Amino acid sequence: MKEIGKIWMNGKLVPFKDAKVHVLTHALHYSTAVFEGIRCYDTPNGSAVFRLSEHNDRFFNSAKLYSMKMQFSKKEISDAILKTVKTSGLKECYIRPLAYYGYGTMGLTPTPNKVDVSIACWEWKEGESKAGKLTGAKCKVSSWIKIDPRSQPMQAKAASNYANAALARMEALENGYDEAIMLNLHGKIAEGSAENIFLVKDDIIQTPPLSAGGLGGITRDSVIQIIEENGGSVIERDLSRDDLYSADEIFMTGTAAEVKSVAQVDKVIIGDAKMGKITRNLQKSFSDVTMGKDERFLSWLTFV
Ligand SMILES: Cc1ncc(COP(=O)(O)O)c(C=O)c1O
């Protein structure tokens, strides 16, 4: 991690290396934190944060689902996000707002603790989400089952969801795959470890409903809106493993992954093992939108 710029902590910008918390911070022990992952793109008209207000809304909704009393308004947080990016001097970056039950009282009940908020940003590197951008990712259906929405609010982007996701990701990588696909308790497809999933069969684009346990991804929503604006449609329906195996194309969506193609699921080759036409077109359309080249979606960009 290159320590560039400053980190916003409870209203103050502090040097990167000084952004520390106490070891008895509640969230460190009980996973009582929620966060966001946002991208800032280096567009021809300057740096722009993609769908800032939607990410901020999801951030506050996640906090609400964990009964967090935020000491900052939505406006204060979105201003702070822009200020943190500006201070970093980075043209393109990944932004990580985090809200967590802090240091004060130890024990399971989080609410006696203050809710601390931080915002960090760092240099964007394709890194782990690169697999599949060009060639098509190899995915493993995980043996770890997605946490059931009756166990935890899965529409909260909460740290506690990610131990499950990390186990699935590690299992996939240890077995020579690039990414995991997670089933829910009913054996239906939920999502990837950090992406939503879509498939194409006979030119029909399909994705699991959020009731299957996947996060309400902002890229998922963006892609659906782009497809619809371009005259197409997406069907939400429960999908099973055999739908994946027999798909003509599969792609995943996420802030880090953007639109990435899947070439293989378990030992089954998808389509002709290359990126399909619909995925390729969508990748291009999505990139045009994030780069401010599609007038119809300019309102999704907040220029820094
Ligand atoms: C579990 C999970 N599902 C889906 C997504 C995709 O969501 P978004 O498109 O908002 O990044 C992410 C990434 O944030 C994620 O962590």
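**Entry 1: second cavity**

I began with the lining of the second largest cavity, which by class has three nonpolar, three polar and three charged residues. I count Ala, Val, Leu, Ile, Met, Phe, Trp, Tyr, Cys and Pro as nonpolar, Asp, Glu, Lys and Arg as charged, and the others, Gly among them, as polar. The model is predicted: local features need pLDDT of at least 70, side-chain atom pairs count only at pLDDT 80 or more, and totals for chains, interfaces and linings use all residues. Residues are numbered from 1 along each chain as its sequence is written, and side-chain values use heavy atoms, with hydrogens and water left out.

The space in this second largest cavity is about 50 Å³. Its lining is Asp248, Glu249, Ile250, Ser261, Val262, Ile270, Lys274, Gly276 and Thr279. Strand 14 (249-254) and strand 15 (258-265) are the elements that give two or more residues to this lining. Strands are DSSP runs of E, at least two residues, and helices are runs of H or I, at least four, numbered from the N terminus.

My cavity rule: on a 1 Å grid over the protein atoms alone, a set of points where a 1.4 Å probe fits but cannot get out; lining residues have an atom within 4 Å of a point. Volume is the space filled by probe spheres set on the points, joined across faces, edges and corners.

**Entry 2: largest cavity**

I find two cavities of 30 Å³ or more. The largest has a volume of about 60 Å³. I list Ile38, Arg39, Tyr41, Phe50, His55, Ile218, Thr219, Gly254, Thr255 and Phe286 as its lining. Strand 4 (38-43) and helix 5 (218-229) each give two or more residues to it. Strand 4 supplies the largest share, three residues. By class, the lining of the largest cavity has five nonpolar, four polar and one charged.

Where does the largest cavity lie? Domain 1 (6-125) and domain 2 (129-290) both give residues to its lining, so it lies between them. The bounds come from an automatic or database domain assignment.

**Entry 3: ligand**

I looked up the 15 residues around the ligand; Tyr162, Glu191, Ile218, Thr219 and Thr255 come nearest. Near means a heavy atom within 4 Å. This shell divides into four nonpolar, seven polar and four charged residues.

I checked polar contacts (N or O pairs within 3.5 Å). A side-chain N or O atom of Glu191 is 2.6 Å from a ligand nitrogen. A polar side-chain atom of Thr255 lies 2.6 Å from a ligand oxygen. A polar backbone atom of Ile218 is 2.7 Å from an oxygen atom of the ligand. Helix 5 and strand 14 give two or more residues to the shell.

Terms used
On a 1 Å grid over the protein atoms alone, a cavity is a set of points where a 1.4 Å probe fits but cannot get out, and a pocket is an open set with protein on both sides within 12 Å along at least five of seven lines; lining residues have an atom within 4 Å of a point. A polar contact is a pair of N or O atoms within 3.5 Å; within protein, one must be able to donate a hydrogen and the other to accept it, and residues adjacent in sequence count only if both atoms are side-chain atoms.
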